[in-house]
Amino acid sequence: MPIIPILMYHNIDNPPQGAKLRGLYVRTGAFARQMFLLRLLGYQGLSMSAAMPYLRGEKQGRVAVITFDDGYVDTLENALPVLQKNGFSATCYFISQRSGLYNDWDAAALNVRKPLMNDEQVRTWHTAGMEVGAHSRTHPRLSNCNDAELQNEIAGSKADLEALTESAVTQFCYPYGDLDERVSNAVQQAGFDAATTTRRGRVRVGDNPLLFRRILVSGSTFPHLFLLKLLTGYEDKRG
Ligand SMILES: [Zn+2]
């Protein structure tokens with residue numbers, strides 16, 4: 001069975017002083033080296049929707065999926081130029097009712113306010129050929145939502161982002177990686193093609209597209225570890 005890595009990033013920037021979970025920050029230089037390594041190894045870096053034919057087993061090729069959670073301004077400012085330089089596409093998952101605001105769901109815990117892209121910046125990301133995916137309306141724990149809230153967060157974020165980009169939004173990412181069967185059913189019913197989790201591992205063709213696992217890339221993912229995560233079962237054992 002072909003194996004496809006889906007890389008998970010949060011911030012591409014220098015970690016701010018005093019921030020907790022500084023590992024969520026990958027420095028721009030490190031990100032550039034990782035994208036260079038991908039290309040050197042013969043991988044095409046793709047967005048989720050561009051990779052779907054490969055994930056479904058309809059197409060064969062050496063592809064790696066590149067994803068960013070939350071839609072931080074640094075994804076646009078620091079990651080986009082690197083992606084473009086390498087001829088890669090990527091998916092960024094946005095919280096549709098936090099446009100232009102900050103990470104209010106975990107700013108206190110992380111001790112850092114991280115600016116999120118505003119509507120114009122989301123459109124800039126999209127018109128640059130990158131994918132806009134949905135990450136709910138307000139970043140709740142979806143398994144705690146009642147049915148009406150679930151519908152609002154999942155189908156609502158799809159509608160918001162489709163209106164903003166005037167394009168179909170087909171990819172979802174569970175906030176906090178929190179989900180249960182009711183949540184994944186709601187994602188499917190809303191019309192998404194696939195959804196990514198925070199469960200670690202590489203995707204095997206034939207895996208459930210509503211439960212795609214990802215490879216965590218953090219600030220301490222040095223080149224040798226990046227290669228292990230990409231090319232071996234290192235992450236699969238940590239799922
Ligand atoms: Zn998130």
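**Exercises on a predicted model**

In this predicted model, Ser47 touches Val65, Ser89, Ala90, Thr91 and Glu131, once residues up to four places away in sequence are set aside.

**Exercise 1.** Determine where Ser47 is found, whether Ser47 is buried or exposed, and which backbone nitrogen lies 3.2 Å from a polar atom of its side chain.

*Solution.* Begin with the position: Ser47 is found in the loop between strand S5 (44-46) and helix H2 (48-55). Next, take the relative accessible area, which is 5% for Ser47; buried means under 20%, so Ser47 counts as buried. Finally, look at the side chain, where a polar atom lies 3.2 Å from the backbone nitrogen of Ala50.

**Exercise 2.** Identify the residues that coordinate the zinc ion, and explain why the pair Asp70 and His139 ties together separate parts of the sequence.

*Solution.* The zinc ion is coordinated by Asp70 through OD and by His135 and His139 through NE2, at 2.1 to 2.2 Å. In sequence, these donor residues follow the spacing D-x64-H-x3-H. Asp70 lies in strand S6 (residues 63-70), whereas His139 lies in the loop between strand S8 (131-134) and helix H6 (147-165), so the pair ties together parts that are 69 residues apart in sequence. Asp70 is buried, with a relative accessible area of 6%, and for His139, also buried, the value is 6%.

**Exercise 3.** Work out why Arg213 has no salt bridge to Asp236.

*Solution.* Arg213, in strand S12 (residues 212-216), is buried, and the nearest side chain of opposite charge, that of Asp236, is 4.8 Å away. The side chain of Arg213 does, however, reach the backbone oxygen of Arg200 at 3.3 Å.

Definitions and conventions
Residues numbered from 1 in each chain as written. Predicted model: local features only at pLDDT ≥ 70, side-chain atom pairs only at ≥ 80, totals over all residues. Heavy atoms only, no water. Donors = N, O, S within 2.8 Å, 3.2 Å for Na, K, Ca; no water. Helix = DSSP H or I, 4+ residues; strand = E, 2+ residues; numbered from the N terminus. Buried < 20%, exposed > 50% of the residue type's maximum accessible area, 1.4 Å probe, protein only. Lys, Arg positive; Asp, Glu negative; His and termini not counted. Salt bridge = Lys/Arg side-chain N within 4 Å of Asp/Glu carboxyl O. Polar contact = N/O pair within 3.5 Å; in protein donor to acceptor, adjacent residues only side chain to side chain. Contact = heavy atoms within 4.5 Å.
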